[in-house]
Amino acid sequence: MTKPRRGVKFPHQTNGQARRLSVSEVSEDGSSSPVRTRASAQLGDINEKSQAPPPSDYEKKKANFITRTFWTFVMIGGFFAALFMGHIYIITVMTAVQIISFKEVIAIASVPTRARDIKATKSLNWYWLASTMYFLYGESVIYYFKHIVLVDRVLLPLATHHRFISFVLYVIGFVFFVANLKAGHLKFQFTNFAWTHMALYLIVVQAHFIMNNVFEGMFWFFMPASLVITNDIFAYICGITFGRTQLIKLSPKKTVEGFVGAWVMTVIFAVFFANLLMRSKYFICPVNDLGANIFTGLECEPNPVFLPHTYKMPELFFLPDSYKHSLSFTTEPIQFHAIVIATFASLIAPFGGFFASGLKRTFKIKDFGDSIPGHGGMTDRMDCQFIMGFFAYMYFHTFIAENKIAYGHVMELAITGLSVEEQIELVKGMSRYLENQGALGSQVVACLDGAFPGKR
């Protein structure tokens with residue numbers, strides 16, 4: 001047996017490895033098979049078709065513009081649908097906004113590898129959210145619906161012990177957090193703890209005040225939100241029209257000219273928009289019927305700020321006597337309040353957006369999420385609304401709200417501050433008063449006196 005000679009190359013070998021051609025690859029006359037040739041040609045065509053050129057910048061911008069426009073109209077339509085359907089639907093929308101925004105803010109600071117090692121981290125975040133919302137929602141329901149909650153056998157214990165129950169829920173979460181601390185993950189866990197509480201304050205707590213604005217009257221929810229949107233639109237228009245001077249480094253596209261121009265236009269819009277909204281009691285009346293909508297409306301005695309008031313100019317010594325008492329004008333006080341609210345929406349609320357921009361730069365992200373196609377995350381759209389709603393609540397309760405004793409407050413005092421015997425005497429006394437006023441008949445009063453036991 002002869003040994004193969006070294007250095008000899010055969011035509012059918014490549015890189016020292018022989019490859020046997022199949023029948024389909026070589027024809028009888030030694031040429032390539034026509035089947036193989038056609039298959040190769042078809043495969044080449046398929047590869048060419050599959051490697052389509054990437055879309056150009058114009059096509060990307062066009063697609064993004066279409067998506068953004070479509071979802072803009074979806075959001076506008078959904079918002080106005082909820083607004084006209086009633087207060088409970090707006091509350092539902094605000095609840096969804098809270099949850100989505102909280103999820104986005106928590107997500108940008110999470111470390112997936114650490115979160116997998118500590119499985120309780122994500123669950124604990126949602127527990128903090130649930131316990132906080134329980135406390136805040138309960139406070140609102142008890143405050144605005146005392147006359148319903150305090151007379152119900154099931155809800156009464158929950159209402160009278162609401163704050164203690166909320167505190168117990170927080171303590172349970174706190175103990176669970178401490179019990180799950182692990183060596184090697186302490187920095188991550190405490191950072192996550194602080195970050196979660198910051199998100200609860202900046203998002204959930206401020207959104208709670210926005211919902212309270214809804215209960216005080218749809219005007220105090222719709223007006224501030226509209227002014228923020230209006231200011232954003234005019235800031236863009238004025239900025240691209242005559243903007244030259246940069247306003248703040250966090251947002252390079254913001255200009256001083258656009259900032260000031262938007263302030264002027266927002267104030268003008270606020271005066272006309274307030275004049276329009278105050279014509280409808282559905283917007284200016286506080287909630288006394290959760291089933292009300294734009295078609296059924298609400299009935300109430302309007303707040304004095306919505307009623308015309310005559311303002312007299314101060315007497316000026318240099319004016320003739322005939323003019324000293326003639327300088328006066330009549331308008332609704334809400335017009336002046338609208339100017340103040342518009343000023344805050346123009347000069348202060350945008351800093352909520354700047355704060356969000358700085359936060360995104362810290363984590364080197366463009367958007368908080370992709371909850372709204374074409375617009376980024378929910379937090380990107382609500383960054384200015386949270387602080388604006390908080391201001392509207394504080395402004396309303398400081399300068400506008402009437403300090404009257406409501407029926408719910410009296411009911412709360414009677415239930416929580418009087419014994420059962422004293423409550424019975426209160427009912428008897430009120431029945432006699434109503435009899436004297438002609439609101440109750442003597443038979444009803446006699447029936448009540450017979451139904452209740454005598455004073456011990």
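**Reading contacts, helix packing and salt bridges**

Tutor: Start with one residue and its neighbours. This is a predicted model. Leaving aside residues up to four places away in sequence, Ile341 touches Trp220, Leu227, Met388, Phe391 and Tyr395.

Student: Where is Ile341, and is it buried or exposed?

Tutor: Ile341 sits in helix H14 (residues 334-347). Its relative accessible area is 2%, and the cut-off for buried is under 20%, so Ile341 is buried.

Student: How do I read the packing of H15 and H16?

Tutor: Two packed helices are described by the angle between their axes and the distance between the axes. Here H15 (residues 350-362) and H16 (residues 378-400) pack at about 140 degrees, with axes 6 Å apart. The two helices are therefore oblique to each other. On the H15 side the contact is made by Pro350, Gly352, Gly353, Ala356 and Lys360, and on the H16 side by Asp380, Asp383 and Cys384. These residues divide into three nonpolar, two polar and three charged.

Student: Which side chains of Lys360 and its partner meet in a salt bridge, and at what distance?

Tutor: Side chains of opposite charge can pair when their charged atoms come close. Lys360 and Asp380 form such a bridge, at 2.8 Å from N to O. Lys360 belongs to H15 and Asp380 to H16, so the pair ties together parts 20 residues apart in sequence. Both Lys360 and Asp380 are buried.

Student: How many salt bridges does the structure hold?

Tutor: It holds three. Another one joins Arg163 and Glu139, with the closest N and O atoms 3.0 Å apart. Arg163 is exposed, at 58% relative accessible area.

Note on methods: Residues numbered from 1 in each chain as written. Predicted model: local features only at pLDDT ≥ 70, side-chain atom pairs only at ≥ 80, totals over all residues. Heavy atoms only, no water. Axes fitted to C-alpha atoms, helices over the stretch in contact; angles between N-to-C directions. Helix = DSSP H or I, 4+ residues; strand = E, 2+ residues; numbered from the N terminus. Parallel < 35°, antiparallel > 145°, perpendicular 65-115°, else oblique. Contact = heavy atoms within 4.5 Å. Nonpolar A, V, L, I, M, F, W, Y, C, P; charged D, E, K, R; others polar. Buried < 20%, exposed > 50% of the residue type's maximum accessible area, 1.4 Å probe, protein only. Salt bridge = Lys/Arg side-chain N within 4 Å of Asp/Glu carboxyl O.
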